[in-house]
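User: Please take a close look at the aromatic ring pairs in this structure. I would like one connected account of them.

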Amino acid sequence: MAKIKWEQTEKQKEAWAYLADDVTTEIVFGGGAGGAKSFLGCAWIIKMAITYKGTRWLIGRKKLKRLKETTLKTFFEVCHKWGLKQGVHFTYNAQDGLIKFINKSEVLLADLAHQPSDPNYDELGSLELTGAFIDEVNQITFKAWEVIKSRIRFKLDEYGLIPKLLGTCNPSKGWVYTYFYKPFKDGILERGKAFIRALAKDNPFISKHYIAQLKAIKDKNTRERLLNGNWEYDDDPACLFDLDVIQDQFKQKVNDKRDRWLTGDVSRKGRDNMPVGLWEGLQLVKVFIIPYEIRSSTLESAKYIKKLAQKYKVRTSHIILDEDGVGGGVVDNIKGCIGFINGSSPVLTKQDELRKKRGEFYENYGNLKTQCYFKLAEVMEAGELGVDEEAFDSKAKDEYIEELGQIKQRDVDKDGKIYLVGKDKIKENIGRSPDYADMVMMRMYSLVKPKRVLDIITLE
Ligand SMILES: Nc1ncnc2c1ncn2[C@@H]1O[C@H](COP(=O)(O)OP(=O)(O)OP(=O)(O)O)[C@@H](O)[C@H]1O
Ligand SMILES: [Mg+2]
């Protein structure tokens, strides 16, 4: 095959170097609209497919339909530019979503949407790939990225290649932010991973109308993201916690040393994380992670928490633990602690009960967890909650911040009840459950639960 000459943007050159080295296996390219992302991905796949005969490549996107409407067009554009003709140098079978080159290399077009019926992407499980390019990678789950990564091995040794997975995307507050953008920004992105920021203004091939269109976007957040590649502007009106409120909690000092609490999201076995928070009033002073060896035993986990309570002089009735899941949990082994049930009914005040009876407006939360998250937002906004700077280690702190950004109100239910976006959705976005945020949210139980009213009888 003839040698291909093509002019690259400076950013594409930078990415190309990572795509060709012997070290980097995961590359994310992007950060703004029109940054020449799809072109780079398609050019790389085509170049590799035609250089290494009999290899197998994947181009994926959340929706195959969108992939065919957009990315595939770019694919054919690159082929055309490079003098590769359909029917001569390659064939395309739309039905199977398969492109075959005359050298027997193949490019598979894949739908990577999360299917509830196939949460572990087993369907991709039998694939063997030489490499893959995922367009708009922020729209797929972290799990899908991991599964594809694990599939890259086909003919690598034969050609002396190493696995390479390329993703392109625009800024968003999902897992790409946590695993690529943030470490890149902080200068701590591990060896083997690369992030290249490319904006429309870095792309000399883009039409000037395109940039004018980006500049004309009315919504500031969207404009900041797409034109200026600003990753911090993913404000969603449904978010319960504003970024500045989230940041400010680390500056507050509201310790009340006589009012100590422990809260923890410890209900299910075999989880990644089981954090337990120690509080002085509404000040979170320390987050303990139950060690891995202990986590699988509810009895041992209970002992661990009891020891913490002893050491920090926390009364048993001031221990709040997630009680979801089957019985025999940690809660059962700590007699007298509060079992928090996410899905249980919200706590209504006497006034709310009355309003409800009279058919008047009241905050109609779908469940206790939703109520506590709304309370948390209110308390944080009022500056009444603080988190010590050293309470979390730095990775956990970033994760906690990221989790709060994921707590959003769901569309109002038919019967007017208020719910949050489900855990499944959050898992899809950030690749894990919001364990730290849930732990903090549970502290609110003591604020929403009805206060015991003492009847004071005065004797004449
Ligand atoms: N190396 C190149 N040589 C010639 N044209 C290029 C090159 N790179 C990108 N372009 C052109 O720049 C334009 C934008 O590129 P591309 O579609 O890859 O950007 P994108 O970042 O994927 O955009 P979007 O955010 O809209 O998905 C396209 O018209 C594409 O053909
Ligand atoms: Mg594109």
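Analyst: Rings of Phe, Tyr and Trp (its six-membered ring) pair if their centres lie within 6.5 Å; planes under 30 degrees apart count as stacked, over 60 as edge-to-face and the rest as tilted. A search of the whole structure finds 27 aromatic pairs. One of them joins W6 and W82: the ring centres are 5.6 Å apart and the planes stand at 55°, so this pair is tilted. Helices (H or I, at least four residues) and strands (E, at least two) are DSSP runs, numbered from the N terminus. W6 and W82 are both buried (under 20% relative accessible area, 1.4 Å probe, protein chains only).

The model is predicted: local features need pLDDT of at least 70, side-chain atom pairs count only at pLDDT 80 or more, and totals for chains, interfaces and linings use all residues. Residues are numbered from 1 along each chain as its sequence is written, chains are lettered from A and ligands numbered from 1 in the order in which they are written, and side-chain values use heavy atoms, leaving out hydrogens and water.

Ring pairs also link F75, F76, F90, Y92 and F101 into a cluster. Both F392 and Y436 are buried. Their rings form an edge-to-face pair, with 5.5 Å between the centres and 85° between the planes. F392 sits in the loop between β14 and α14 (394–404), and Y436 in helix α16, 44 residues apart.

Note on methods
Buried < 20%, exposed > 50% of the residue type's maximum accessible area, 1.4 Å probe, protein only.
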